[in-house]
2 protein chains.
Amino acid sequence: MKITKEGITAPKGYKAAGEHIGIKRIKKDLGIIYSEKPAICSAVFTKNIVKAAPLVLAQKVLKENRYISAIAVNSGNANACTGEQGYRDAVETSKILAESLNLKENEVLVSSTGVIGKLLDTKILTEGIKLVSKKLSSSQDSARDCAEAIMTTDTFVKQITVEIEISGTPVKISGIAKGSGMIHPNMATMLGFLTTDVLITQEMLDKAFKSRIDESFNMITVDGETSTNDTCLILANGMAGNKLIEKEDENYEEFERAVDYIVKFLAKQIVKDGEGATKFLEVKVKGAITREKAKILCKAVLNSQLVKTAFFGKDANWGRILSAMGASGVEFNPEKVKISFRNKIGEIDLFEEGKPNNFDEEFALKILEEREIQISIELQEGEEEIIGWGCDLSYEYVKINAEYRT
Amino acid sequence: MKITKEGITAPKGYKAAGEHIGIKRIKKDLGIIYSEKPAICSAVFTKNIVKAAPLVLAQKVLKENRYISAIAVNSGNANACTGEQGYRDAVETSKILAESLNLKENEVLVSSTGVIGKLLDTKILTEGIKLVSKKLSSSQDSARDCAEAIMTTDTFVKQITVEIEISGTPVKISGIAKGSGMIHPNMATMLGFLTTDVLITQEMLDKAFKSRIDESFNMITVDGETSTNDTCLILANGMAGNKLIEKEDENYEEFERAVDYIVKFLAKQIVKDGEGATKFLEVKVKGAITREKAKILCKAVLNSQLVKTAFFGKDANWGRILSAMGASGVEFNPEKVKISFRNKIGEIDLFEEGKPNNFDEEFALKILEEREIQISIELQEGEEEIIGWGCDLSYEYVKINAEYRT
């Protein structure tokens, strides 16, 4: 498995583009991803029952046809809570995208992120789609432009490529994503687009993709908020010409590992770029009776405002961690819980056997001064474990969200 | 129903005191409430499965005996997550309290709030209890001292008295409370102590008290956090000599209304004094099919970080409200939802029929510049409704909780 910083045009047959078309004031706001051959698409969408128009449309399209050739993504306007007009706008945009690229309407998807509740300026968007369609290229610059165009309050581009071999044939999988507020582990929780040239059946693609989403994008949180527009999808156009992956053999496993690497990388990048984040927290819950229990506890800790502010304040506050666990609704024995922090500075055990260890506060502070901190929570009740990622809650988060209208 | 600002010594037969004994640096940190006659005690405790030692002890005591004569409450140390030693300390403190006031051990309760995970300094506390026991008085100054002594990051004293007549006999009910972080509507969520001289059966007291808690303390939130020490209780010593309340007649209803007024007043005071709060938000969810659904939606809105930061930023962001509702897990039809804001400045309808109204942003800003804002959410699906209270999320909340070790 070879990892590079290439973008989504690295796999064979993909083109991309990203431009500023005028939805946002200055920054790039429209990206298009294109596959020369129709690609099998596997997708997950927000579980928020308030779904943005493009998601409603995408779900309808994918029910009819799972082979997709192009996706247009705009930032700056989410086209969410925009009623029937919003849906008509999504349909119209799709039509223009299909026309511009000589495709059928059910071969294209549109996706949006940004302000909720404002109608799209369809004139700007349709003109933009026509323009950007002409700029599609397989260059790495174009891939990066596209990754930039989907960003909102993100501060850096998130893209990665993994190269593997399937029965001796090289295969590439790439991904881009955007965060960075409204991030909650209840679903795909952001925008993420993966491209690959692997040759795989629809069933196996669904399996690899959806199982890996559960362990990555569904295990991160920035603020416990679930957006109306969360979308994560993968396109597989088969152009690598590898031996078809059609069952759960070693080739499947190799592909799944690559997808796993990409989605975890992107998920962690999203958290690292969480709005106002100064800390990157990795919470590992071990020794749970069920995986589900471990998940609930992990998310309860990562979503606790008091835990998050404690990390912002560099406070070794295991008490807030235990309290957040206790309020999660999951039964566990606090007397058996063991809590420790660790990173490159060292490791410190804070709590065990129902009471705090008499730990060295100065050493704890040294650990907490680092940007990355691993929190280990042992329940000593079973064998299941889970890892989740989150960040602290800073002044900057409040500032960004008091001033930015999502 | 007459409302006064008197404290918990207003009803007949109650004394109180509050002093600085040295748990905290400067502020008062030990309060005692005393009833001349053993009073029936009705109590609710945190649903957090990590329960502080004094709560575990109080639950044990109240199982044996529901007639209580004294309660000692310390702030500055929660005696939570302190293992077996913490429980022994709670028992020892109880003993000293009982001895100091010539009571049996099962007639007294202890309660704690403050830092988690530190052993109590039992020498300071037991000396303190002996000292403060001697200062008990029925004066209003003593009542206020006691209300002050239970505060942590609260910025003002929360106390109130309601006077009613039961079959022509005057009866008083008083209450004090402390907030102001770790407030979440999943239970009693804070410390609240009510005293009354009403003559009532245990069954009727339980009924009136617990039903009113559900509509007040369980409907407020500051930060979605549920403490290990939440306790709310009422003492009824019968010294008003009114006709015994023993069934749900008009006298019961009058008493329940008075309790309702007190707990809602205290609950709202807690929110108004929420850590760093600059806005007081009242969310009314109307037209729900079930009360339970209305509650979940109400709390989802009040707990949303993005909704809270929007109010801090004076942003009429109905989109975040709708998104928080959509992520709550409750099914509803977004097309039927109507969202409006209102306060003394006026009223503004923001969203209906699946899309935003073209509302006057300047007028919305005027409404949002006020400290108190009512948010009305109509589902148009049924007849049930609920009201909940919360606050915004400010820089100050982050500051307080990054610096203060709970």
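This is a predicted model: local features need pLDDT of at least 70, side-chain atom pairs count only at pLDDT 80 or more; totals for chains, interfaces and linings use all residues.
Strand 2 of chain B, made up of residues 14–19, pairs with strand 3 of chain B through 6 bridges in the antiparallel sense. Strand 4 of chain B (residues 67–77) also runs antiparallel to strand 3 of chain B, and 7 bridges join the two. Here Ile40(B) is found opposite Tyr67(B) of strand 4. A further antiparallel pairing links strand 3 of chain B with strand 10 of chain B, residues 231–236, over 6 bridges. In that pairing, Cys41(B) faces Leu235(B) of strand 10.

Attention now turns to two helices of chain A. Helix 1 (residues 53–64) and helix 2 (residues 83–100) of chain A pack with their axes 8 Å apart, at an angle of about 60°. Because of this angle, helix 1 of chain A counts as oblique to helix 2 of chain A. The crossing of helix 1 of chain A past helix 2 of chain A is right-handed.

Which residues of helix 1 of chain A meet helix 2 of chain A? Helix 1 of chain A contributes Ala53(A), Pro54(A), Val56(A) and Leu57(A). On the side of helix 2 of chain A, they meet Gly86(A), Tyr87(A), Asp89(A), Ala90(A), Val91(A) and Ser94(A). Sorted by class, this contact between helix 1 and helix 2 of chain A holds 7 nonpolar, 2 polar and 1 charged residues.

Note on methods:
Residues are numbered from 1 along each chain as its sequence is written. Chains are lettered from A and ligands numbered from 1 in the order in which they are written. Two strands pair if DSSP finds at least two bridges between them. Helices (H or I, at least four residues) and strands (E, at least two) are DSSP runs, numbered from the N terminus. Axes are lines fitted to C-alpha atoms, for helices over the stretch in contact, and angles run from 0 to 180 degrees between N-to-C directions. Angles under 35 degrees count as roughly parallel, over 145 as roughly antiparallel, 65 to 115 as roughly perpendicular and the rest as oblique. A crossing is left-handed if the near helix is turned anticlockwise from the far one by less than a right angle, and right-handed if clockwise. Two residues are in contact if their C-beta atoms, placed from the backbone, lie within 7 Å. Ala, Val, Leu, Ile, Met, Phe, Trp, Tyr, Cys and Pro count as nonpolar, Asp, Glu, Lys and Arg as charged, and the others, Gly among them, as polar.
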